[in-house]
Amino acid sequence: MISPLLNVRSVSKYYGTRIGCENVSFDLYPGEVMGIVGESGSGKSTLLNCLAGHLPPDSGEVFFDTRTNGPRDTLTMSEPERRMLGRTDWAFVHQHARDGLRMGVSAGGNVGERLMAVGARHYGNIRAQAVDWLGRVEIAADRMDDRPDAFSGGMQQRLQIARNLVTGPRLVFMDEPTGGLDVSVQARLLDLLRGLVREMGLSAIIVTHDLAVVRLLADRLMVMKDGHVVEAGLTDQVLDDPQHGYTQLLVSSVLQV
Amino acid sequence: MIDLSNVSKRFTLHNQGGAEIPVMEGAHLSVAAGECVALTGESGAGKSTLMRMIYGNYLATSGRIKVGDVDVARAAPREIVALRREGLGYVSQFLRVLPRVPTREVVAEPLLTLGVTREAALARAETLLRRLNIPERLWSLSPTTFSGGEQQRVNIARGFAHDYPALLLDEPTASLDAMNRETVLRLIEEAKARGAAIVGIFHDAEARGRVCDREVDVSAFTPKAA
């Protein structure tokens, strides 16, 4: 029996008396991609930030199956331990690439920096791996020494993905990874993400308000409203045969192209 | 291989006054390995609904839907994902793909997901595309701009890329010319010969007569009006 990579138990976060998210529980297994959808204010980003250790929840537990010590509650582990996880087994792809990149450092440096954070020291190896990863996200090697501010939005986003995946994480958190990009760029990014998830056997949690994105990327779907999970299940089943009134409304509100 | 007992389906429309629409009741179906069963019944009788429930795309309201060892009506999402990857294929009427992905990759994808090597997966994809008369110059293009018939054939190639033990076919011969229709019927016969259990919807009576061993009229499962 395979054990879950992430085991989330009753996570709640309040902003004063207002609910950020309440009583969220789920298991994520290795290789699974889960989407979280909902309107703005539904609590999906709050939840993602609680899971990724960016925001302390008010209650609940988040067990991550670590490589060396088995399942550990990431909310009670020490700050250095959690930071180490954030640099090795976890990755976080921000909606705005500039939040996840060092804008004053070259593209190659952005990728290499994460390798150095986990102990890589040999300059030649670091550079070679950076070139390899830039190639995988379709950034030409001759752009390696350029800074990200000279890149288009789509390129910045691909660079952010390379920076995150170079250390071979097992769990990737993504917050609206295709938000704000042109549709043609979105398609390219989705294709890239799908290929990487398949090749690396990654688990991922993707927060988005775009139902088309989750249909293409996610195996499973969680629908949130007012801080609560109202429905969860297989992605195409939730979208094609929604059971909850809110999901039915959400699905039927999408414009057909 | 595929075994349904007492399956029912009811839609609840929460945003239309909670209207309850019962569409299926007491559905039974059993398909053995190497057998092809046609679902019949007039339009709206529930052929597609039944097929979608077997695939896990629609949630059964009650009953049991066994495909191999998995009860699709109760299985966790990841069990259904695994079943679809290895054990249960579905050729729908419409191709749904990511823009920009070349046709060859679209067809090879089910094999790549299973961990088949790139060379072997692409070779299999090319064999199928050739058999289905998709010109080689189109293989490196995305099928999103293809004609309806071409898209349908790409969809069939993708559905037959992996040798699924159970296969669902929704109008696989619709909108095909005589030659391609013949190819699809041969693919179905080959799948049966290797032991696949197949459930299909065929409006084409001649095709149905040729590849199907039995017919099941789904209007027998239509709930009687109260």
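Predicted model: local features only at pLDDT ≥ 70, side-chain atom pairs only at ≥ 80, totals over all residues.

User: How much space lies in the second largest pocket?

Analyst: Rolling a probe the size of a water molecule over the atoms shows where empty space is left. Here, the second largest pocket holds about 500 Å³. Its lining comprises 20 residues, and those closest to the centre are His54(A), Arg83(A), Gly86(A), Arg87(A) and Arg114(A).

User: Which element gives the most to the lining of this pocket, and how many residues of each class does the lining have?

Analyst: Helix H2(A) gives the most, with five residues. Among the other elements that give two or more are strand S6 (90-93) and helix H4 (107-117) of chain A. The lining has eight charged, six polar and six nonpolar residues.

User: What span should helix H6 of chain B have?

Analyst: At 1.5 Å a residue, the 16 residues of H6(B), 178-193, should span 22 Å; the end C-alpha atoms are 22 Å apart, which agrees. Buried residues of H6(B) include Val184(B), Leu187(B) and Ile188(B). Strand S3 (36-40) and helix H5 (148-159) of chain B are among the elements that cover the buried residues of H6(B). Just after this helix, Gly195(B) takes a positive phi of about 100°.

User: How much area do chain B and chain A bury between them?

Analyst: The size of an interface is often given as the accessible area lost when the parts come together. Chains B and A bury about 2,200 Å² between them, 53% of it on carbon and sulfur atoms. In chain B, Arg78(B), Leu98(B) and Arg100(B) lose the most area to chain A, together 31% of what that side buries. The contact takes 24 residues from chain B and 25 from chain A.

Definitions and conventions: Residues numbered from 1 in each chain as written. Chains lettered and ligands numbered in written order. Heavy atoms only, no water. 1 Å grid on protein atoms, 1.4 Å probe; cavity = no way out; pocket = protein on both sides within 12 Å on 5 of 7 lines; lining within 4 Å. Points joined across faces, edges and corners; volume = space filled by probe spheres on them. Helix = DSSP H or I, 4+ residues; strand = E, 2+ residues; numbered from the N terminus. Nonpolar A, V, L, I, M, F, W, Y, C, P; charged D, E, K, R; others polar. Expected span 1.5 Å × (residues − 1). Buried < 20%, exposed > 50% of the residue type's maximum accessible area, 1.4 Å probe, protein only. Contact = heavy atoms within 4.5 Å. Buried area = accessible area lost by both parts, 1.4 Å probe.
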